[in-house]
Amino acid sequence: MAESTKTRIAEIQAPYGRLIRLDDLAFDSGMKLLRVTIREGARYTILEIDAATAQTWADQMAQWSHVQGAAGA
């Protein structure tokens, strides 16, 4: 496996005791990925995504949260 440097971006406490960690991964090859780790009790889900995927995900989450905010107003 290629060597990488991990830099913590954020830890987000989510409902029901879940924890979301975002880490920047920089590989020796120059490739950069975002590692999303979701902890639910003893279970971990880990995704490593590229910038384009992260942008699409962020846009969709922002759109959803905006609609939810407008619905609650």
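In this predicted model, strand β3 (residues 32-40) and strand β4 (residues 43-49) run antiparallel and are joined by seven bridges. Two of the pairs can be named: R35 has E48 of β4 as its bridge partner, and T37 has I46 of β4. The two strands form a hairpin with two residues between them. G41, in the turn, has a positive phi of about 65 degrees.

**The sheet**

The β3-β4 pair belongs to an open sheet of four strands, ordered β1-β2-β3-β4, with antiparallel pairing. β1 and β4 are the edge strands, each pairing on one side only. On average, neighbouring strands of this sheet are turned by 20 degrees against each other, direction ignored. As a rule, the strands of a sheet pair through backbone hydrogen bonds, either parallel or antiparallel.

β2 and β3 also run antiparallel, joined by eight bridges. Across this pair, D23 has R35 of β3 as its bridge partner, and L19 stands opposite R39 in β3.

β1 and β2 pair in the antiparallel sense over 10 bridges. One of the residue pairs here is A10 with L22 of β2. Three residues lie between the strands of the β1-β2 hairpin, in which Y16 takes a positive phi near 65 degrees.

| Hairpin | Residues between the strands | Residue with positive phi | Phi |
|---|---|---|---|
| β1 and β2 | three residues | Y16 | near 65 degrees |
| β3 and β4 | two residues | G41 | about 65 degrees |

**Two loop residues**

Y16 is a residue other than glycine with a positive phi. Y16 sits in the loop between β1 and β2. Is Y16 buried or exposed? Y16 is exposed, because its relative accessible area is 76%, and exposed means over 50%.

D50 lies in the loop between β4 and α1. With a relative accessible area of 38%, D50 is partly exposed. From D50 to A71 the separation is 21 residues in sequence and 32 Å in space, C-alpha to C-alpha.

**Overall build**

The protein has one helix and four strands. Read from the N terminus, the elements run β-β-β-β-α, with the helix α1 covering residues 51-72.

How does the radius of gyration of the protein compare with that of a compact globule of 73 residues? The protein has 15 Å, whereas such a globule would have a value near 11 Å. The C-alpha trace spans about 50 × 30 × 15 Å along its principal axes. Of the 73 residues, 14% count as buried.

**The largest pocket**

The largest pocket holds about 220 Å³ of space. It is lined by 13 residues, of which I20, L22, V36, W57 and M61 are the closest to its centre. The elements giving two or more residues to the lining are β1 (4-14), β2 (18-27), β3 and α1 (51-72). Which element gives the most to this lining? That is α1, with four residues.

By residue class, the lining of the largest pocket divides into 12 nonpolar residues, no polar ones and one charged. L22 links this pocket to the sheet described above: L22 is among the residues closest to the pocket centre, and it is also the bridge partner of A10.

Notes
Residues are numbered from 1 along each chain as its sequence is written. This is a predicted model: local features need pLDDT of at least 70, side-chain atom pairs count only at pLDDT 80 or more; totals for chains, interfaces and linings use all residues. Side-chain values use heavy atoms; hydrogens and water are left out. Two strands pair if DSSP finds at least two bridges between them. On a 1 Å grid over the protein atoms alone, a cavity is a set of points where a 1.4 Å probe fits but cannot get out, and a pocket is an open set with protein on both sides within 12 Å along at least five of seven lines; lining residues have an atom within 4 Å of a point. Grid points are joined across faces, edges and corners, and a volume is the space filled by probe spheres set on the points. Ala, Val, Leu, Ile, Met, Phe, Trp, Tyr, Cys and Pro count as nonpolar, Asp, Glu, Lys and Arg as charged, and the others, Gly among them, as polar. Buried means under 20% relative accessible area, exposed over 50%, partly exposed in between (1.4 Å probe, protein chains only). Axes are lines fitted to C-alpha atoms, for helices over the stretch in contact, and angles run from 0 to 180 degrees between N-to-C directions. The radius of gyration is taken over C-alpha atoms; the globule rule is 2.2 Å times the number of residues to the power 0.38.
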